[in-house]
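I opened the model and kept notes as I went. The entries follow the order of looking.

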Amino acid sequence: MKRTLVVCALVSAWMVAMQHDPAVAETPLGLPTVVHPSDNAPSDAKIALGKQLYFDARLSVDDKVSCASCHDPKKGWSNGEATASGVGGQRGGRSAPTVLNTTYQRFQFWDGRADTLEQQALGPIANPIEMNLPIDAAVKKLSAIEGYQKQFQAVFGSPVSAEGIGKAIAAFERTVLSGNAPYDKYKINKDESALSDSAKQGMKLFFGKANCSACHVGPNFTDNGFHNLGVGMKAEKPDLGRFEITKLEGDRGSFKTPSLRDIARSAPYMHDGSLATLEDVVEHYSKGGIANDYLDEEIFTLKLSGEDKAALVTFLNEGLSSSTYPDVSAPELP
Amino acid sequence: MKIFKFVFLFVAMAASSLCAQDGPAMNVIVGDLDNPCGIAIQPETGAIFVSDSGASRIVKIVDGKVEPVITDFPVDIYGKGPKYNIGPLGLLFIDQNTLVVGGGDLIDGEEKLRVYDLKDAKLPIKADQMKTSSVLAAAGEEVKGEGNFYALAKTADAIYITCNGDDNKGWVAKAGFKGSDVASIERYLATKEATQIDAPVGVTISPRGELVIGQMGEITVPNDSLLTFYDANSKEMLLNLKTNLHDITALAYSNRGQLYALDFAWSDTKQGGLFQLLADGDGVKTKKIVALDKPTAMAFDADGSLYVTVIGEEKKGQLIKIQPGL
């Protein structure tokens, strides 16, 4: 009896620890364990701080734009528009990539110019056409808010800093996970009822004739690489994407392969938001992308039937939509 | 179970030390090759054969000079920038006179695995004067054609060939052989389905007979190459390890049982070179032996010397000899 009590106590303590330590929080079905940088271990307080910063428009020059403005949980952690919008209604040339599962991405931004979420988090704050607040000014602004002063001290043991802002936002973003989809239940739990017949047909096409898994592979449905699909290449001055970072000729017009988790929520699609629907996306691939000198070798005419296309869209819509989608609301701000 | 397998697979690695701190003694045997992409050492004679791929020929190295052996392969282009002309790729002797050549010169589905009988042949011979050849053609809408037969390795009765065709599957192909007769190539092991990482390229057979694959990964993604061990007969994956290398192009065991990899490092070729792969807990760690400029293939000779092909600068590809001791 005594032994049973001891075991129960240990289990209870462990469960309490599970509830309060996000580092060991349950990872959604189908996803690997999140790896945290050794210098940015997560804690409840840090994630809470990061969440506040993520939703705080005071990180923009006019107090009107937050991270969530373009990466809105209600819109698939993107913004529902073709391109990102910043202070004063300014528009960038690229769409706002979803934050969902971005922790698993090898690179951040469409062109992969940031290696880590910590680096990425600071970029839009200072970007003149996004939040337009120089990092030094952002630090000064937050330092004037008593609640943030206390939280940064509690979390980092130091005053508000650029490094702390980046780490806190990154720690929060590492909790934004999409798994537990019907595809995972079908594949991992062997639940035959998890996918409709049409979705199963779409899945077969996805991993076969339609060639989707040549690039959209693995738990996060991305190879983490960069590919030229021809999108935007007919423009007078095309966005050259990855080439601007690497200067490798073969990278011209290449952009990062996005995750497809909960893809139905984050229309429009492609790096420039030029395709409004998943039907448009499937049609783009079916016709072999848009020809150009740097078109990826994995893009070729697929000759998909109407039924094939419909099944693929069904798989993307039904199969990859999470039953535990992180529909996060804005927290109370200090 | 995993740990048990791991110990056996890597047991040879822990036994011996590396070469000198300053790197191994090495010298350039030939320095004017054109995208050399394959190497084989002839049994009995020890002669070195190289795929002078961009020059669409296979050459034999004699006293530091190249002697054409098989010429006039078609030429294809690999990559979108940088671009490389490629013809023959992987080479393998299954006996003294039978040379198997993996093609890179034709489109997927038409690419040939060519078998040449060099005995009594009046050299050089033309590429189409092979004894036999076979292809992995497309079949219907589901099965894509295969091409770019990068590298070859053999067990007692089968040749294993890394392929680049269906990027949903990542096939390692197989061709059985008996004596000097080589059967048709067939799809064998879908490595991408097994590992979720693209492009099997390096291949070797471990001293215990396992099929060892270097999964290159995406050329635009650094550090994503895998080292994967399979039971060659059952196809069971025994180990799948992240190497932190960028783009493995070749694997080889030294005569002392040490495992080495070549890393092409597409996105930053200054990072490329010859690496030793060492057991590290339940993973693998790498030790850079020497920096090499876009290395592609390697083979140890009977004395323990290592021969490596590197692409280097345009039309200045090299065959490098690294002295015994690895």
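I took pLDDT as the predictor's confidence in each residue, on a scale from 0 to 100, and counted two residues as in contact if their C-beta atoms, placed from the backbone, lie within 7 Å. This is a predicted model, and I noted that local features need pLDDT of at least 70, side-chain atom pairs count only at pLDDT 80 or more, and totals for chains, interfaces and linings use all residues. Residues are numbered from 1 along each chain as its sequence is written, and chains are lettered from A in the order in which they are written.

Confidence. I looked up the complex and found an ipTM of 0.89 and a pTM of 0.91 from the predictor. Chain B has an average pLDDT of 93, with 93% of its residues at 70 or above. Where pLDDT is low, the predicted coordinates should not be read in detail.

Sheet in chain B. I used DSSP runs for strands (E, at least two residues) and helices (H or I, at least four), numbered from the N terminus; two strands pair if DSSP finds at least two bridges between them. I found an open sheet of four strands, antiparallel, in the order β1-β28-β27-β26. β1 (26-33) and β26 (295-300) of chain B are the edge strands with a single partner each, so one side of each has no neighbour in the sheet. Five bridges join β26(B) to β27 (residues 306-310) of chain B, in the antiparallel sense. In this pair I found B:Pro295 opposite B:Val310 of β27(B).
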